[in-house]
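Okay, thanks for coming, everyone. I've got one structure to walk through today, so let me put it on the screen.

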Amino acid sequence: MTLLNQDGVHVAADGEVATVTLTNPAKRNAQTPATWRALAEAGRVLPGTVRVVVLRGEGKSFSAGLDRQAFEPEGFDGEPSFLDLAHGGDEELDAAIAEYQEAFTWWRRSDLISVAAVQGHAIGAGFQLALACDLRVCARDVQFAMRETSLGLVPDLTGTHPLVHLVGPARALEICATGRFVHAEEAERVGLANLVVPADELDGAVTDLAAALLAAPRGAVVETKALLAGAGTRGFDEQRAAERAAQARRLRDLAGLGD
C-alpha cells in the first residue's frame with residue numbers, strides 16, 4: 001500500500017514492514033530540501049501497525065548526498081539557496097537547519113526498528129541518512145564518506161552523534177576531517193555495517209533481517225530498544241533500575257495486568 005510518493009521519496013507499507021525508497025537514481029538520489037520534507041513526512045504517515053522500516057535507494061547508489069545546486073545562486077525552484085540562507089539572521093538559519101534535520105530524526109523512534117539497505121555511494125547527507133537508522137545492511141560495493149568539511153561545512157544532519165557512538169571520537173574525526181571513503185570491509189569491522197553481503201543479495205538479506213526483527217513480541221522489542229538507547233547515559237546502578245522497571249512492565253503485560 002502506497003502511503004506517500006513525492007519529491008523523490010516513495011513510502012509503502014506491507015503489514016508490519018514499511019519501505020521508504022529514494023527514487024531519483026538518475027541523480028544518484030541526491031538530496032534537496034524538498035527531499036528532506038518528504039522524508040520527514042514519511043515518518044508521519046506510517047500506520048501504527050508498522051514495526052520495521054526499511055530505507056533504500058533506487059539504482060547504483062544509496063545517496064550521493066546533497067544536490068550541489070543548493071549552493072548555486074538560483075538554488076531550486078521555490079527554494080532559497082543556501083547562499084541566501086547564509087545572509088539571513090541567526091534565528092532564521094537555525095530554524096531552517098532544524099527543519100532539515102527532521103528528516104533524519106524519526107528513524108530511531110522507540111516503537112520502530114529502522115534498517116538502511118545501503119549500496120554504492122552513501123556520501124555526506126547520504127552517509128548521515130544511513131547513520132540515522134538503527135541498523136545498516138550494506139552491499140560489498142558500499143562507499144561511505146563524510147565530505148562536508150571539503151565544502152567548508154560541518155555534518156549537520158544528525159550524523160555526528162551516531163558516528164561517534166559507533167566508531168569512537170578519534171576515528172569519527174579522522175573520517176570527517178579527511179572525507180575519505182570507508183569501504184565495506186572497514187565498515188563492518190568498525191561497526192558502521194551490521195552485515196555486508198554481495199550486491200545481488202542485499203534485498204534478500206534485508207528481508208530476512210526484517211523477519212527476524214518481527215519474530216519477538218513488539219512490547220519486548222520496544223522495551224529492549226529503549227533500554228539499550230539509554231544505557232550510554234545512565235550509570236550502572238541506574239541501568240539496573242531501568243532493567244528492573246522494564247521487566248516489571250513486561251511481566252505484568254504477560255500476566256494480563258498491563259494498562
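Let's start with a question: among contacts in the protein between residues at least 6 apart in sequence, what percentage join residues at least 24 apart? It comes out at 68%. Keep in mind that this is a predicted model, and everything I quote is computed from it.

Now the overall picture. We have 10 helices and 10 strands in the protein. The C-alpha atoms fill a box of roughly 65 × 40 × 35 Å along the principal axes. The radius of gyration is 19 Å, and that agrees with a compact globule of 259 residues, which would have a value near 18 Å. As for burial, 46% of the 259 residues are buried.

So, on to the inside. The largest nonpolar core has 55 residues. Which residues have the most contacts inside it? Those are Val20, Trp36, Trp107 and Phe144. In terms of elements, helix H4, residues 125-132, gives the most to this core, with six residues. There's also another core lying apart from that one, with 15 residues, including Ala117, Leu135, Val206 and Leu213.

Let me zoom in on Trp107. If you leave aside neighbours within four places in sequence, Trp107 is in contact with Val20, Leu39, Val53, Leu55, Ser114, Leu129, Ala132, Cys133, Asp134 and Lys225. Val20, from that list, is also one of the residues with the most contacts inside the largest core.

Next, a quick look at Thr21. Thr21 sits in strand S3, residues 17-22. Is Thr21 buried or exposed? It's buried, because its relative accessible area is 6%, and the cut-off for buried is under 20%. Skipping residues up to four places away in sequence, Thr21 touches Gly8, Val9, His10, Arg56 and Glu58.

Last stop, a helix pair. Helix H9, residues 218-231, packs with helix H10, residues 236-254, at an angle of about 170°, and their axes are 10 Å apart. That makes the two roughly antiparallel, since angles over 145 degrees count that way. On the H9 side, the contact is made by Gly219, Ala220, Glu223, Leu227, Gly230 and Ala231. From H10 you get Gln239, Ala242, Glu243, Ala246, Arg249 and Arg250. And how do the residues of this contact divide by type? There are five nonpolar, three polar and four charged.

That's my tour, so over to you for comments.

Key:
Residues are numbered from 1 along each chain as its sequence is written. This is a predicted model: local features need pLDDT of at least 70, side-chain atom pairs count only at pLDDT 80 or more; totals for chains, interfaces and linings use all residues. Side-chain values use heavy atoms; hydrogens and water are left out. A nonpolar core is a set of buried Ala, Val, Leu, Ile, Met, Phe, Trp, Tyr and Cys residues joined through side-chain atoms within 4.5 Å. Buried means under 20% relative accessible area, exposed over 50%, partly exposed in between (1.4 Å probe, protein chains only). Helices (H or I, at least four residues) and strands (E, at least two) are DSSP runs, numbered from the N terminus. Contact means heavy atoms within 4.5 Å. Axes are lines fitted to C-alpha atoms, for helices over the stretch in contact, and angles run from 0 to 180 degrees between N-to-C directions. Angles under 35 degrees count as roughly parallel, over 145 as roughly antiparallel, 65 to 115 as roughly perpendicular and the rest as oblique. Ala, Val, Leu, Ile, Met, Phe, Trp, Tyr, Cys and Pro count as nonpolar, Asp, Glu, Lys and Arg as charged, and the others, Gly among them, as polar. The radius of gyration is taken over C-alpha atoms; the globule rule is 2.2 Å times the number of residues to the power 0.38.
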